[in-house]
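Reader: I'd like to learn how to read sheets and cavities in a protein model. Could you walk me through them?

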Amino acid sequence: MTPDAADIEMAAATLRAGGLVAMPTETVYGLAADATNDRAVARIYEAKGRPSFNPLIVHVADLAMARRFAEFSPLAERLAAQFWPGPLTLVMNRRAESGVSHLVTAGLDTIALRAPAHPVSRALLAALGRPLAAPSANPSGTVSPTTAAHVRDGLGGRVDVILDGGRCVVGLESTIVRVDGDRAVLLRPGGLAREDIERATGAPLVAAAPGAVEAPGMLASHYAPHARLRLDAKRPLLGEAFLAFGPSSGDHPHTLNLSESGDLVEAAANLFAHLRALDAMCDQHGLAGMAAAPIPATGLGEAINDRLARAAAPR
Ligand code: TXA
Ligand code: MG
């Protein structure tokens, strides 16, 4: 199941030729194209059915590659050194002649960079020697994929190669931080907890000004399941599927637990797969909708609550 050296070389050749490769990262699966190839990047938007050209995250092998594309302040250097490879995306001022397609950055003067930790994406980046633009590998607006099967269900024939790297261990998209000199602004909560970043910087993260940043991941309705979702539910109503958290209270049918032991890391890893499975249960059993238990707001709970709120938003 794990891709071998020949699979990686074949995927790299596909990317060099302008193709699309779905690759596992530790956060979610990404739909990757050569970030220096405008036509290849345009195919990402087409495959996802993205309504507009929103900026994409550029994946790099390491800090040395990243420095070719952005101007790192001392604070950005420190964050990258501490958390890369890993679930942290840094938005920085882009270098003018970096070679990255302007379609990737949607014409902005900034660029979002991340070095993923998954061995398969690392091997692919090393084999290719170029940066990879990659949004989550799902049709626009739907729940992000955390297994190769999720990618196949959502994008199937629209991807040239799907690399199966198993289940994503983090399960939530990366945390996005805008670093502007010595200011760090939280643009999207994600797989790296705010507390870990604040411990490293020694200062609280600045909140993003509402409406200041064009971030499609920040659209109110996103990560949307088919069934409607009710939040902060102590227990499900009759005819609802239930997303539980913590020691089970009672015996409800159609329930999946994010973490029986109340572990937020385990809950993050299970979130998207459980939302998909409960959504399918609603279809299959003709249920009225789903309800989700309250989740603590600390650590990865901030990002879990963010994704649940978007999944529940009216659309
Ligand atoms: O974990 C992840 O981040 C996954 C994996 C595949 O790496 N990728 C991901 O990409 O979630 P996507 O395209 O679904 O989300 C990218 C987010 C969007 O909200 C986008 O607006 C923001 O990054 N973004 C990209 N470039 C930006 C920029 N220059 N300024 C502000 N936001 C930016
Ligand atoms: Mg996405």
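This is a predicted model: local features need pLDDT of at least 70, side-chain atom pairs count only at pLDDT 80 or more; totals for chains, interfaces and linings use all residues.

Reader: In what order do the 10 strands of the open sheet run?

Author: Strands are DSSP runs of E, at least two residues, and helices runs of H or I, at least four, numbered from the N terminus; two strands pair if DSSP finds at least two bridges between them. Here the order is β7-β1-β2-β6-β3-β5-β4-β8-β9-β10, with mixed pairing. At the edges, β7 (161-162) and β10 (206-207) each pair on one side only. Inside, β4 (88-93) and β8 (175-180) run parallel, joined by 4 bridges; T89 has I176 as its bridge partner in β8.

Reader: And which order do the 4 strands of the other open sheet take?

Author: That one goes β11-β14-β12-β13, with parallel pairing. Its edge strands are β11 (229-230) and β13 (255-257). β11 pairs with β14 (289-292) over 2 bridges, and R230 has A291 as its partner in β14.

Reader: How do I read a cavity?

Author: Rolling a probe the size of a water molecule over the atoms shows where empty space is left. On a 1 Å grid over the protein atoms alone, a cavity is a set of points where a 1.4 Å probe fits but cannot get out, and lining residues have an atom within 4 Å of a point. A volume is the space filled by probe spheres set on the points, joined across faces, edges and corners. The structure has 1 cavity of 30 Å³ or more; its lining includes T175, L186 and R194.

Conventions
Residues are numbered from 1 along each chain as its sequence is written. Chains are lettered from A and ligands numbered from 1 in the order in which they are written. Side-chain values use heavy atoms; hydrogens and water are left out. On a 1 Å grid over the protein atoms alone, a cavity is a set of points where a 1.4 Å probe fits but cannot get out, and a pocket is an open set with protein on both sides within 12 Å along at least five of seven lines; lining residues have an atom within 4 Å of a point.
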